[in-house]
Protein chains: 2
Amino acid sequence: MADGGANRGESSPLDELLGYQLRRASSAVMADFAQGLARVELKPSEATVLLLIENQPHATQSEIGRALGIKRANMAPLVASLEKRQLVERAPVDGRSQGLTLTELGAEAAREARGAVEANEVKFFGRLSLPQREQLATLLAAVRG
Amino acid sequence: MADGGANRGESSPLDELLGYQLRRASSAVMADFAQGLARVELKPSEATVLLLIENQPHATQSEIGRALGIKRANMAPLVASLEKRQLVERAPVDGRSQGLTLTELGAEAAREARGAVEANEVKFFGRLSLPQREQLATLLAAVRG
DNA sequence: TATTGTTATACTCTATAACTATA
DNA sequence: TATAGTTATAGAGTATAACAATA
């Protein structure tokens, strides 16, 4: 790693800060997740969109974006790319909205994405006991308010 | 917010994923932190660098970068900008390393950065009890391994 | 008037590669 | 050989502003 990895050899005033620890933990988990997805040529944002469409077929891209905290302006090129790769299909809902569904290829990609998600969860949270995982979920929800 | 904010109205399969919850919590905290720093015209990465230099004067930028998980290649323009703004001074340690210290202006910026950090901590973690905060710190450390 | 989707654009953070110079 | 610092460059995510079409 040489650079960029987590340094744990020296204490720093940031160690006391939960916001900082939260960011570092999130970065570590996300970097591994991105690496796990690289094999399938999906970015994390694309993978989460696929999983959400799988779970809520015919949702519009605005709805998906809202659920994921991704702005409309950023959803447009993201979905356009998924459609171009024939992972997602659009079907008009009304004159301005289009419902999104997975193609067969998209469903396969979603399965692979879920595999990457689960490997990532096991790798980072498998060390925790079930009560610890529940506690962490509770605390994270409380932080988000 | 209209877009981009956290949607909590609908359940999704991602709600079960600790990695996803971790990322969303981190994003929320970081967005608020960045906003709090905007008043001082500091980015989060710059603020953390200032705080670390304050705590470890004469540390080299490689050392600071290692402690923060920022690569040398990314530290270079960051520190150059802080130096240009006269927040940081460099003093040669040996022929290839330079120790970093805060100027008076930099010390003042660090104080303001610390204020933003503490407001951010209170806003998001003040809701938690002390044992809960300790538990969260323990769990995040365990996640990072 | 509000919402959907879109384009253009900019900023932050991160990543690799390649180079100089010093140890 | 390894390390410090630099430059160039690319990718991922996010942000705002503005627009057309539709509700």
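Select chain A and follow its elements from the N terminus: the order is α-α-β-α-α-β-β-α-α. That makes 6 helices and 3 strands in chain A. Please note that this is a predicted model.

**Chain A as a whole**

Keep chain A selected and display the C-alpha trace. Along its principal axes the trace spans about 55 × 35 × 30 Å. Next, colour the chain by accessibility: of the 145 residues of chain A, 44% count as buried. The accessible surface of chain A amounts to about 7500 Å², and carbon and sulfur atoms hold 50% of that area. Among contacts in chain A with a separation of 6 or more, 49% are between residues 24 or more positions apart.

Now display the charged side chains of chain A. There are 18 positive and 18 negative charges, and their mean positions lie 4 Å apart.

**The contact between chains A and B**

Chain A supplies 57 residues and chain B supplies 55 residues. The size of an interface is often given as the accessible area lost when the parts come together. Between chain A and chain B the buried area is about 5400 Å², with 63% coming from carbon and sulfur atoms. A search for salt bridges between chain A and chain B returns 0.

**A25(B)**

Select A25(B), which is found in helix α1 (residues 18-38) of chain B. Is A25(B) buried or exposed? Its relative accessible area is 0%, so A25(B) is buried. Which residues does A25(B) touch, leaving aside those up to four places away in sequence? They are L22(A), L140(A), V143(A) and R144(A). A25(B) and F124(B) are 99 residues apart along the chain, and their C-alpha atoms are separated by 9.5 Å.

**Salt bridges**

Over all chains, the structure holds 10 salt bridges. Three of them make up the next stops.

*E112(A) and R39(A).* Select this pair, whose closest N and O atoms are 3.4 Å apart in a salt bridge. E112(A) belongs to helix α5 (residues 104-125) of chain A, whereas R39(A) sits in the loop between α1 (18-38) and α2 (44-55); the pair therefore ties together parts that are 73 residues apart in sequence. The relative accessibility of E112(A) is 27%, so this residue counts as partly exposed. R39(A) counts as exposed, at 64%.

*R85(A) and E46(A).* Move to this salt bridge, in which the closest N and O atoms are 3.8 Å apart. The pair links distant parts of the chain, 39 residues apart: R85(A) is in the loop between α4 (72-84) and β2 (88-92) of chain A, and E46(A) is in helix α2 of chain A. R85(A) has a relative accessible area of 33% and is partly exposed. E46(A), by contrast, is buried, with a relative accessible area of 5%.

*R111(B) and E108(B).* Finally, turn to chain B and select this pair, a salt bridge with its closest N and O atoms 2.9 Å apart.

How values were computed: Residues are numbered from 1 along each chain as its sequence is written. Chains are lettered from A and ligands numbered from 1 in the order in which they are written. This is a predicted model: local features need pLDDT of at least 70, side-chain atom pairs count only at pLDDT 80 or more; totals for chains, interfaces and linings use all residues. Side-chain values use heavy atoms; hydrogens and water are left out. Helices (H or I, at least four residues) and strands (E, at least two) are DSSP runs, numbered from the N terminus. Buried means under 20% relative accessible area, exposed over 50%, partly exposed in between (1.4 Å probe, protein chains only). Contact means heavy atoms within 4.5 Å. Accessible areas come from the Shrake-Rupley method with a 1.4 Å probe; for residues, only the protein chains shown count as cover. Lys and Arg count as positive and Asp and Glu as negative; His and the chain ends are not counted. The place of a charge is taken as NZ of Lys, CZ of Arg, CG of Asp or CD of Glu. Buried area is the accessible area (1.4 Å probe) that two parts lose on being put together, summed over both. A salt bridge is a side-chain nitrogen of Lys or Arg within 4 Å of a carboxyl oxygen of Asp or Glu.
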